[in-house]
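This report looks at how the chains of one assembly meet. Please keep the sequence and the 3D view at hand while reading.

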Protein chains: 4
Amino acid sequence: MIPMLETTIVELDKAKMKSPILIEGLPGIGLVGKIAANHLIAELKAKKVAEIYSPHFPHQVLMQKNGVMRMIKNKFYLVPHKKHDLLILVGDVQAVTSEAQYEVTGKMLDYCQKKGVSNIITLGGYGTGKMQGVPRVFGIVSNKVLVESYKKYGVIFGESRGSIIGAAGLLIGMGKIRKMPGICLMGETHGGFVDPKSAQSLLEVLCKIVEIKVDLKKLDKRAKDSEKFAKKLEAEAMGKMGGAPGKHDLSYIR
Amino acid sequence: MIPMLETTIVELDKAKMKSPILIEGLPGIGLVGKIAANHLIAELKAKKVAEIYSPHFPHQVLMQKNGVMRMIKNKFYLVPHKKHDLLILVGDVQAVTSEAQYEVTGKMLDYCQKKGVSNIITLGGYGTGKMQGVPRVFGIVSNKVLVESYKKYGVIFGESRGSIIGAAGLLIGMGKIRKMPGICLMGETHGGFVDPKSAQSLLEVLCKIVEIKVDLKKLDKRAKDSEKFAKKLEAEAMGKMGGAPGKHDLSYIR
Amino acid sequence: MIPMLETTIVELDKAKMKSPILIEGLPGIGLVGKIAANHLIAELKAKKVAEIYSPHFPHQVLMQKNGVMRMIKNKFYLVPHKKHDLLILVGDVQAVTSEAQYEVTGKMLDYCQKKGVSNIITLGGYGTGKMQGVPRVFGIVSNKVLVESYKKYGVIFGESRGSIIGAAGLLIGMGKIRKMPGICLMGETHGGFVDPKSAQSLLEVLCKIVEIKVDLKKLDKRAKDSEKFAKKLEAEAMGKMGGAPGKHDLSYIR
Amino acid sequence: MIPMLETTIVELDKAKMKSPILIEGLPGIGLVGKIAANHLIAELKAKKVAEIYSPHFPHQVLMQKNGVMRMIKNKFYLVPHKKHDLLILVGDVQAVTSEAQYEVTGKMLDYCQKKGVSNIITLGGYGTGKMQGVPRVFGIVSNKVLVESYKKYGVIFGESRGSIIGAAGLLIGMGKIRKMPGICLMGETHGGFVDPKSAQSLLEVLCKIVEIKVDLKKLDKRAKDSEKFAKKLEAEAMGKMGGAPGKHDLSYIR
């Protein structure tokens, strides 16, 4: 009988893991991290091993087409892999207040420590407000010695500015206090729309880092649609089509 | 000496219950669930067995005509019945923040588990923004196997969309985690006014499900008043009476 | 080493009390209760016996003319008296959220129970939005049997409507759950300005109830000033002086 | 495995301290206290001895030029000194709600008690909304007996009014409850811009109090820039330059 006063992780599979690397892709700017992580899960047929419920998530349940509701949650998926299993963290939402984010992130790290996570990679978007050709991938690490080891995979350091809001930053920051090294990888993105193209760039770098092969074709179609949308936005911004971007377009943003 | 830091359930009657079915009808859209549950309590002469106080309810006490105040609260009522007693949950308010809803719902489920609740039925309205003839009753279950067993009572599945906010959803969602199966029954309603007619539809279905007979006549008068009000609203909306709906009408909404 | 996570009561005098009656007069509408309680403390030379600090009070300290700061707090004062000592609760502020009010009130009741409080009398204003001659005193009790016993002191029952917000209501409501009977006495007041005249009416009734004599003369001057202010407001409202009430007047309200 | 539900102090150096004096300079009005405390740390080559993390700080991590992120935090620095070491408290932010401020301040005082802090000096600005020549230094103490002992250092008592918001006030107020005497020193400042000149005045007084010598030259340049800015503001206010102060100027305020 546990009143849900705290974030609660329900383990579906209690099997041991092989020194896993945590890969986080919760909703954030351009949904870049979320798209990348969900693509990994689908392509690698990852298995759901735990569910995360939290009083800091909206007090709503979602109605599904099949007549069954489901709670809003975050989830851990597992992919057995060489020396280090991949533990992938995805979900519907992030908590919105500081106190809630610290609590949820703390509980996630508790689980990670228990499972022997050796390394943390968080995925996100880096909003520039501009369109770009091939999105670059920026990195921020928890410890200076890591910079060089990630540069060789094409990660760009020292060009991102400001702060990282939410789980992508806190997992690395709080992970450092618990002696778990980590990197936040950010795909360059406009920030004003969902960006699967940026997710593609991110995945290319990530796959090299964790030494895994993933078919990115299915992201191509989404990326092309996104690019069309981006060009339309740009055209509008340049006044070619006149008027402000339509509200229906912006409703696409999340 | 308990400072009220948490939701507190005060048991007025500690007698054992017969594998009860929880029926929830707290305030929500169109007050559909609340009207239905209160009607059940009145018609079945249900007995109050517990009171729920919470720091997440307004810090107010209500002044009654007889010179006695009472705190804002939720209440459990009991109706002894065949194989499964009915445990009916009603009250003045619902908590408003996510954290509060999760906490209150968790405490309610603690009590339900202690009392051996076997099944959860939550009652609510499903707002369509439209007037309708005979309101339909939509359902969302916690587990796919339940869909078929409820269809035979006229519950419609797969046509409701979006999310259920508050206790009607969370009791089912959090109940599922605690292995208590459940259904949320939603009476079709406009959403802009109190709707006893929708509550009537809801009760007709509910009575079949729990195999109980309840006189619905007393709801008839209220339902007819509500229908008049609805038609007036509709007329106004179609411009026949001109002007926007009067503010005094809308103050009727809660 | 106690970080101040909860409301904390610091006892300055741990002496036993004689089955005390709690009299509460924290800031509220028209400051009616606060003025009455502070007047009692001054006239009866009550002794401060405890201080209440709370993380739910503003995170500010007040600068005093003598160069010494003081924290924002609530206080208990004691007056030895016949069969029942008087324990008077006053202070700078009330907590503003529901959760905070329930917590603070719970801690106050813990202290009251420990000290053997037998009865609770809370003091407040009842806002009518109108000027009145001699303010009446309304009452709301925790238990119906108390109505008759208070009527003989001139307390009016059944004419106040709505809800009582804050400590004046919660102390009675939560006190009832802890088996401490109580009454909330409300002096009729306009609601738009500080009202010592209403406090005077309140004290007259209270003094009869607790069988004590208090010189009310010092309140007279304040009451007369308040009445002038009230008449000015009324005149303005009737347009005799033209224009809206000046902002400097309304800054008087608290 | 500690989820970060509370403010957490991570000690980097557990060495004993010599009955230290706490000197606090967190961000506040005109950044007066922060500039003064940071100047002390730089000039005295103080050593960082503890870091403070809190769920009440923003859920962000800061990206640094070198590609390494860092969490938002507060920090304690130590300067060994004669009879009383100096323990200097600085940081990026203060918590914004009452509950958070009380919790964070409580944890800081826990640490101070453990380290044997004998005295607390908090630094801040006292906003006047006016330009001034040489900023005066106002003081507010926790206990009346301290007034005379601080006057001889040029601290002005009895001229500051109102309340002190945040750590500068609460550390003294809550410290008093824990029997740690203290003073809040406030440099006179406009309030509308960062004011190193006021910090200079503050440091001159502070250095006399704690019997230490600090080179203030490096603050001179900043103070002169600040003065120019102040004069420009004043000129604008007097209409010499016309128009409202530019938004880019005001963005300087923090």
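The structure is a predicted model.

## Where chain D meets chain C

In this contact, chain D supplies 39 residues and chain C supplies 23 residues. About 2,600 Å² is buried between chain D and chain C, and carbon and sulfur atoms give 67% of that area. On the chain D side, the residues that lose the most area to chain C are D:Tyr102, D:Ile140 and D:Ile177, which together make up 23% of what that side buries. Between chain D and chain C there are zero salt bridges, but eleven residue pairs are in polar contact, both residues of each pair being at pLDDT 80 or more.

Which elements of chain D supply at least two residues each to the side that touches chain C? They are α2 (98–114), β9 (137–141), β10 (163–165), α4 (167–177) and β11 (182–189). Of the elements of chain D, α2(D) gives the most to this side, with ten residues. Sorted by class, the side of chain D that touches chain C has 15 nonpolar, 15 polar and nine charged residues.

Strand β4 (residues 60–63) of chain C and β10(D) pair in the antiparallel sense, over three bridges. Within β10(D), D:Ile164 is the bridge partner of C:Val61.

## Where chain D meets chain A

Chain D takes part in this interface with 23 residues, which are in contact with 39 residues of chain A. Chain D and chain A bury about 2,600 Å² between them, with 67% of it on carbon and sulfur atoms. The count of salt bridges between chain D and chain A is zero. Eleven residue pairs are in polar contact across the interface of chain D and chain A, both residues at pLDDT 80 or more.

On the side of chain D that touches chain A, the elements that give two or more residues are β4 (60–63) and β5 (69–71) of chain D. The largest share of that side comes from β4(D), with four residues. By class, the side of chain D that touches chain A has 15 nonpolar, seven polar and one charged residues.

A strand pairing is found here as well. Strand β10 (residues 163–165) of chain A and β4(D) run antiparallel and are joined by three bridges. In β4(D), D:Gln60 stands opposite A:Ile165.

Which pairs of chains are joined by no contact? Chain A and chain C have no contact, and their closest C-alpha atoms lie 14 Å apart. Chain B and chain D also have no contact, with their closest C-alpha atoms 14 Å apart.

## Salt bridges in the assembly

How many salt bridges are counted over all chains? The count comes to 60. As noted above, zero of them lie between chain D and chain C, and zero between chain D and chain A.

One salt bridge joins the side chains of A:Glu148 and A:Lys151, at 3.5 Å from N to O. A:Glu148 and A:Lys151 are three residues apart in helix α3 (residues 146–151) of chain A, so they are separated by about one helical turn.

Note on methods: Residues numbered from 1 in each chain as written. Chains lettered and ligands numbered in written order. Predicted model: local features only at pLDDT ≥ 70, side-chain atom pairs only at ≥ 80, totals over all residues. Heavy atoms only, no water. Contact = heavy atoms within 4.5 Å. Buried area = accessible area lost by both parts, 1.4 Å probe. Salt bridge = Lys/Arg side-chain N within 4 Å of Asp/Glu carboxyl O. Polar contact = N/O pair within 3.5 Å; in protein donor to acceptor, adjacent residues only side chain to side chain. Nonpolar A, V, L, I, M, F, W, Y, C, P; charged D, E, K, R; others polar. Pairing = 2+ DSSP bridges.
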